Amino acid sequence: MSSNLHRGGSSYGDAAPFRSREGLSTRSAASSDEIQLRIDPMDMDLDNEITGLRGQVKKLRNVAQEIGSEVKQQRDFLEELQTIMSNAQAGVKNNIRRLNKSIVRNGSNHVVHVVVFALICFFVVYAWSKMFRK
C-alpha cells in the first residue's frame, strides 16, 4: 500500500496501471476500498511450459548420456577390432615371409612347371584346331 503512495498513486483507487508480477494486475472496483485481482491465464501457462521444458531437458540429457555410452562401447569395439586386425596382418606377413623362404630354399621349379603346362595346353589346342579344320 505504501509502495503505491511512493509511486504517485493513491492507496487503491489508481492501482490499475501498476503490476505486481507478470500475469497479475489490479483494477479498481466499484467502491474505492476494494481491489480486484485478475490473473492472466497466458502467464500461468508459463509454469506449465517451464515444467514441460524441464522434462524435455531431462529426456535430452538421458539421450545424450545414452549416446555417450554407445560411443564409448563403439570406441572400445573399434580398438579391439584394430588389435585383431594388427595381429592378423602380422600373421599374414609371417606366412608370406615363410613362403618366400620356402620358395628360395626349394628353388623356383614351380614357375618352370607352369610354363611347361601352358606350352602343352597351347600345342594341344593348336593340334585340335588343325584336326577339325580339315
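Mentor: The structure holds two aromatic pairs, where rings of Phe, Tyr and Trp (its six-membered ring) pair if their centres lie within 6.5 Å. One of them joins Trp 128 and Phe 132, at 5.6 Å centre to centre and with 80° between the planes, which makes the pair edge-to-face; planes over 60 degrees apart count as edge-to-face, those under 30 as stacked and the rest as tilted. This is a predicted model, in which local features need pLDDT of at least 70 and side-chain atom pairs count only at pLDDT 80 or more, while totals for chains, interfaces and linings use all residues. Residues are numbered from 1 along each chain as its sequence is written, and side-chain values use heavy atoms, with hydrogens and water left out.

Trp 128 and Phe 132 are about one helical turn apart because they stand four residues from each other in helix H3 (residues 109–133); helices are DSSP runs of H or I with at least four residues, numbered from the N terminus. Both Trp 128 and Phe 132 are exposed, that is, over 50% relative accessible area, whereas buried means under 20% and partly exposed lies in between (1.4 Å probe, protein chains only).

Helix H3 also contains Val 115, which is partly exposed, with a relative accessible area of 46%. In helix H2 (residues 41–106) one finds Lys 101, whose relative accessible area of 45% makes this residue partly exposed.

Technical notes:
Helix = DSSP H or I, 4+ residues; strand = E, 2+ residues; numbered from the N terminus.
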